[in-house]
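Here are some notes for a colleague who is meeting this structure for the first time. They are set out as numbered points, to be read alongside the model.

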Protein chains: 2
Amino acid sequence: MAEQANTEMTTSHDKRMGRLLLVPNTLDLGCPDPATGEAPDLQQVLPLGVMREAARIGHWIAENAKTTRAFLKRVDKVAPLSQPLQALMIEELPRPIKGGKAAKGEKDAKGEAATQASVFAKLLDPARAGHDIGLISEAGLPGVADPGAAVVQAAHKAGIPVVPMAGPSSLVLALAGSGLHGQSFAFVGYLPTDGSQRAQRIRELEQLSRRAHQTQLVIETPYRNPALWQALLQHLQPQTLLNVSCGLTLSQGFTLTDTVARWRQRELNLPTDVPAVFAWLAA
Amino acid sequence: MAEQANTEMTTSHDKRMGRLLLVPNTLDLGCPDPATGEAPDLQQVLPLGVMREAARIGHWIAENAKTTRAFLKRVDKVAPLSQPLQALMIEELPRPIKGGKAAKGEKDAKGEAATQASVFAKLLDPARAGHDIGLISEAGLPGVADPGAAVVQAAHKAGIPVVPMAGPSSLVLALAGSGLHGQSFAFVGYLPTDGSQRAQRIRELEQLSRRAHQTQLVIETPYRNPALWQALLQHLQPQTLLNVSCGLTLSQGFTLTDTVARWRQRELNLPTDVPAVFAWLAA
């Protein structure tokens, strides 16, 4: 690197301040592999270096403390934890307001976010005291399609170094696996559940895809996978390329792309208990 | 998984057909770590399972055969290659037409893409003969912000199973590291290099970010990092949150987020030889 980042923040950065490490989780949600009946091997999807860092961390911020302990038990088998599981401090993220504006990604979510900012700032106290903190999500990278972003933003505000670590992300794996345009893409979260609103949104996103030559990605609550799939087949244009990626990195995972016209001729029974990502690119 | 994917393709799928494995690369471009003078340890960023798969693959499709051999030499130190490097078949992807419509992500790029489709289909011959093929990019995941997507699309068309494997992606690491809205985001590639066109596009993307509460991500050729940074500081609104992530997963990497107003008061000399991702979210 020819020049170094030289900022007020980094130059005045207290060397004894801890960092916020963004620890990737697997995409298996801790479920056993149906092929073997056992939890999938972490080494299939997580770098050893990441597991070693995770094994060293004493302070955690998580969506769920119980599943984080289960994850760390799996890490321990590959990279022994530096302290007993019971000794780890695991703080849970405040739950997003159910059906609130933040959950829907609406613009007015900023009010809610501001209210929660002080809560997030408090979660970072261990870093101010010199301890690294691990931020972990239920699946994939924290801050991507989950409530972790607010704590990352609070870390930046407090001048706490943020270190994202490599691991699986269902969205980007789905994009890669789709073969759809990867030089311009958008993830827009969930579609409305109301039928006519959903239809309207699907058509709107298809127009956007056509105009901007941009791949559109959405996710759905697993039990609604088949309903969303039918809605996409019904409302997208026949020549639009449509991909579904389901359970990527799992032994039973798959990613399939075809035109909507051909999908209408093919039978596809999507599982209702495995997360899926849906992506399309208008012709 | 309660139900299995049941499609014409998978039910009629010839078991002897090979798969297209999407092999993640590091983000270090094979450069030595300035801190140690040595190539960074692959185990910091790649799962062991991915390296074992890579070590087994005899047929490759790559952007660059030489750098792919260098990558496989590094893999060999962790997971011994199943055959000598010289015995591997490495086919290079046809170069995208420089400054062509595909490179710019324009809508009319589809004509160009169609012309190249037969070339991509031919690259997949080894899979038809029963061999797994590895698709690899110069950095990160193939098919994301690189020309690999067309070969993935050709694989889907030919009924060749596509298997994306977990690894680092600079875009999604930057998004996670930014702390900006991760429930809705768009990657739009490169901005125009012409000053006034670039200014217009920055304002346009900021409006889009405000309207859709959507994080916008762009990349730039490294030597233009400082110029893009200055343009962003000049043309974005003061309250917009702006992130730059540079060299993530490298020892000298960093990710920083602040408001444009505060960035205008801070000094930041971006390196001109390390890839960066720029992201913003309008207030």
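1. Chain B is superposed on chain A by a rotation of 180 degrees with 0.0 Å of shift along its axis, the RMSD being 0.0 Å; the superposition is by least squares on the C-alpha atoms of residues with pLDDT of at least 70 in both copies. The two copies are thus related as by a two-fold rotation axis. Of the interface residues of chain B, 100% are also interface residues in chain A, so the copies meet through the same surface.

2. This is a predicted model, in which local features need pLDDT of at least 70 and side-chain atom pairs count only at pLDDT 80 or more, while totals for chains, interfaces and linings use all residues. Residues are numbered from 1 along each chain as its sequence is written, and chains are lettered from A and ligands numbered from 1 in the order in which they are written.

3. In chain A, the domain assignment (automatic or from a database) gives domain 1 (14-164) and domain 2 (170-281). The centres of these domains of chain A, taken over C-alpha atoms, are separated by 28 Å. Their contact takes 11 residues from domain 1 and 10 residues from domain 2, where contact requires C-beta atoms, placed from the backbone, to lie within 7 Å. On the side of domain 1 of chain A that touches domain 2, there are 7 nonpolar, 2 polar and 2 charged residues; Ala, Val, Leu, Ile, Met, Phe, Trp, Tyr, Cys and Pro count as nonpolar, Asp, Glu, Lys and Arg as charged, and the others, Gly among them, as polar.

4. Chain A also holds an open sheet of 5 strands in the order S3-S2-S4-S1-S5, with parallel pairing; strands are DSSP runs (E, at least two residues), as helices are (H or I, at least four), numbered from the N terminus, and two strands pair if DSSP finds at least two bridges between them. The edge strands of chain A, each pairing on one side only, are S3 (89-92) and S5 (162-164). Neighbouring strands of this sheet are turned by 25 degrees against each other on average, direction ignored.

5. Strand S1 (residues 20-23) of chain A pairs with S5(A) in the parallel sense over 3 bridges, and A:Leu22 stands opposite A:Pro164 in S5(A). Which helix packs on the sheet, touching S1 and S5 of chain A? Helix H8 (residues 170-178) of chain B does, and its direction makes about 150 degrees with that of S5(A); angles run from 0 to 180 degrees between N-to-C directions, with axes fitted to C-alpha atoms, for helices over the stretch in contact.

How values were computed
Two residues are in contact if their C-beta atoms, placed from the backbone, lie within 7 Å.
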